[in-house]
Amino acid sequence: MSSFRVISRNILSNWVAYVIQVAIAFFLTPFVLHQIGDTRYGVWTIVISITGYYGLLDLGLRAGMTQYITRYFSKGDFDRMNRAASSGFALHLGCALCVWIATFATAAAAPAFFSLPPALETEAVWCVLILGCSTAIQLLLFPFSVALTAKQRFDLITVVSLFCRIASAAATILALIAGYGLIGVCAAGAAGNLLDYVLRWTVGRRVLPELRISWRLASWASCRECIGFGFWSALLAVSHLVISFSDALVIGIFMPVSAIAYFALANNLMKYFANIFVPVSQVFYPAATDLDAHNNLAGLQQLYLKGSRMLSLVAVSAALITGIWAGGFYRLWIGDKYVQTDIYHSVPLLFQVLLVGALFTAATGIGSKILLGRRRFKGLTWLMCVEGIMNLVLSVTLIEPFGLLGVAIGTALPAVLCRGIAHPIIVCSDLKLHFNDYSRQILGPTVVVAVLLAPLVFAVHHITAQSNWTELIIGGLIATLIAVVVACSFGLNTSDRQRYLFPTLRRMARIRGVLEAKP
């Protein structure tokens, strides 16, 4: 069974990895932007968006493999675990071939489909080929990396990911200095991703030696099992990809390519915000699968209520601070050109609109992982499909009258409606919880903290300067300290403080005492 200690270790390790990755992106993004320029940065964003859709060609098999390998490992049924892994590998081989075919077809069609400057058409084609072929190879290696998830060893995943991200960043810088430009950036990113999967395969074999993949173990019954789960997972992936990548494609069709750079600067930071919470919700997937495999509904209810309350409190606090400080951050990070502009809407404004949707996406992450862990994916899938369709339709409709701001509204509004309202109803229904339980334990404390915290954060922002990084960081830290006090005082109940807060403070005090006792 998954323990609080295991979940805490996995969350902490994932957060450490994420913080370091954000730091890398923080320093790397301005460097890449100034080295390759707005237009090539826009082309790079389009290529990433196009190749991102290749994930659909695995038909949800990655989620199916992760589900059944984790489930059978939890039950100690290694025979069925190996059959699921071997069958998944056979299916992934076919998916990889489809990705290769799609890559060459896309490379041939991209210059004619998008309004690319003639001088960049060749670079765009090479970037599609590099990233597409890299994606195909990653599909082949994925079945070997599931072992780390099944064992809930996210700490090892963190070590591997950090090493590869640092290596990829270094390769990107060297490629740009050497004059390889956009193609060098794509090659460095693809190489880093491939290295990640190779190392996960190597470490996974040591962590779970019982896992064996062989053609002889593959069976049609196991394939059907993975495909059955994968069908709904694929629909879910379609909606996520539409939500994640359609904005850049819509802008590329209806506006100049250079406009994508402005939107991408806002959208990427929004994704960084949302991804702060992915390391938290991610570790709940194997934990929920474990609890469901043992028919522990009460444990799942507590996992959802307590986990989502903590996540929502952190999300709303972080959203308030991030949104209010966005203008000063962008001005120092990339310059006034993107903050005060007459060409397009300012990047901070676009980010603040997108942040509203990201807040609800982050707060509902644990509920989504619990539904997937329980294999209750139909309601969630249809909900995300509705959000994806609304996102695409609204973005296309609003881009003509409102430009980039219309695309941002078209992304945020469906997230508020689907994630903020419909999603909790679906989760509570599946877990046999009354909506009053959700309102009392999750929604109520979050709203109280938001109402109390907002004027305090505005006041701190008003009285502190943001003319340099030191002043910006000091103001942000003061606001963060206030947020922690408000969230712990009004968001946590007595049981939460006794179980989670006080033991943490005691551990910190013991560590400090040990350090002070050293000569």
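Which residues is Tyr 18 in contact with, leaving aside its neighbours within four places in sequence? I began my notebook with this point.

**Entry 1: the model.** I noted that this is a predicted model, in which local features need pLDDT of at least 70, side-chain atom pairs count only at pLDDT 80 or more, and totals for chains, interfaces and linings use all residues. Residues are numbered from 1 along each chain as its sequence is written, and side-chain values use heavy atoms, with hydrogens and water left out.

**Entry 2: Tyr 18.** I found Tyr 18 in helix α1; helices (H or I, at least four residues) are DSSP runs, numbered from the N terminus. Leaving aside its neighbours within four places in sequence, Tyr 18 is in contact with Lys 271, Tyr 272, Phe 273, Asn 275, Ile 276 and Pro 279. Contact here means heavy atoms within 4.5 Å. Tyr 18 counts as buried, at 10% relative accessibility. The cut-off for buried is under 20% relative accessible area, with exposed over 50% and partly exposed in between (1.4 Å probe, protein chains only). I also looked up Phe 31, which is 13 residues from Tyr 18 in sequence and 20 Å from it in space, C-alpha to C-alpha.

**Entry 3: the two domains.** I looked up the domain assignment of the protein chain, which gives domain 1 (34–250) and domain 2 (255–518). Such bounds come from an automatic or database domain assignment. The C-alpha centres of domain 1 and domain 2 lie 26 Å apart. To their contact, domain 1 brings 33 residues and domain 2 brings 41 residues.

**Entry 4: the interface.** The size of an interface is often given as the accessible area lost when the parts come together. Between domain 1 and domain 2 I read a buried area of about 3,300 Å², with 67% given by carbon and sulfur atoms. Buried area is the accessible area (1.4 Å probe) that two parts lose on being put together, summed over both.

How many salt bridges are counted between domain 1 and domain 2? The count is one salt bridge. The term requires a side-chain nitrogen of Lys or Arg within 4 Å of a carboxyl oxygen of Asp or Glu. I looked up Arg 71 and found that it forms a salt bridge with Asp 292, the closest N and O atoms being 3.1 Å apart.

On the side of domain 1 that touches domain 2, α1 (4–52), α2 (61–75) and α7 (220–254) each supply at least two residues. Helix α7 gives the most to this side, with 14 residues. By class, the side of domain 1 that touches domain 2 has 15 nonpolar, 14 polar and four charged residues. In this scheme Ala, Val, Leu, Ile, Met, Phe, Trp, Tyr, Cys and Pro count as nonpolar, Asp, Glu, Lys and Arg as charged, and the others, Gly among them, as polar.

**Entry 5: three further residues.** Is Thr 158 buried or exposed? Thr 158 is buried, with a relative accessible area of 8%. I located Thr 158 in helix α5 (residues 154–177). Not counting residues up to four places away in sequence, Thr 158 touches Ser 13, Asn 14 and Ala 17.

Arg 309 belongs to helix α11 (residues 297–324) and counts as buried at 2% relative accessibility. Among the residues that Arg 309 touches are Tyr 304, Gln 441 and Asp 496.

Leu 383 lies in helix α15 (residues 378–402) and counts as buried at 9% relative accessibility. Beyond its neighbours within four places in sequence, Leu 383 is in contact with Cys 418, Ala 422, His 423 and Ile 426.
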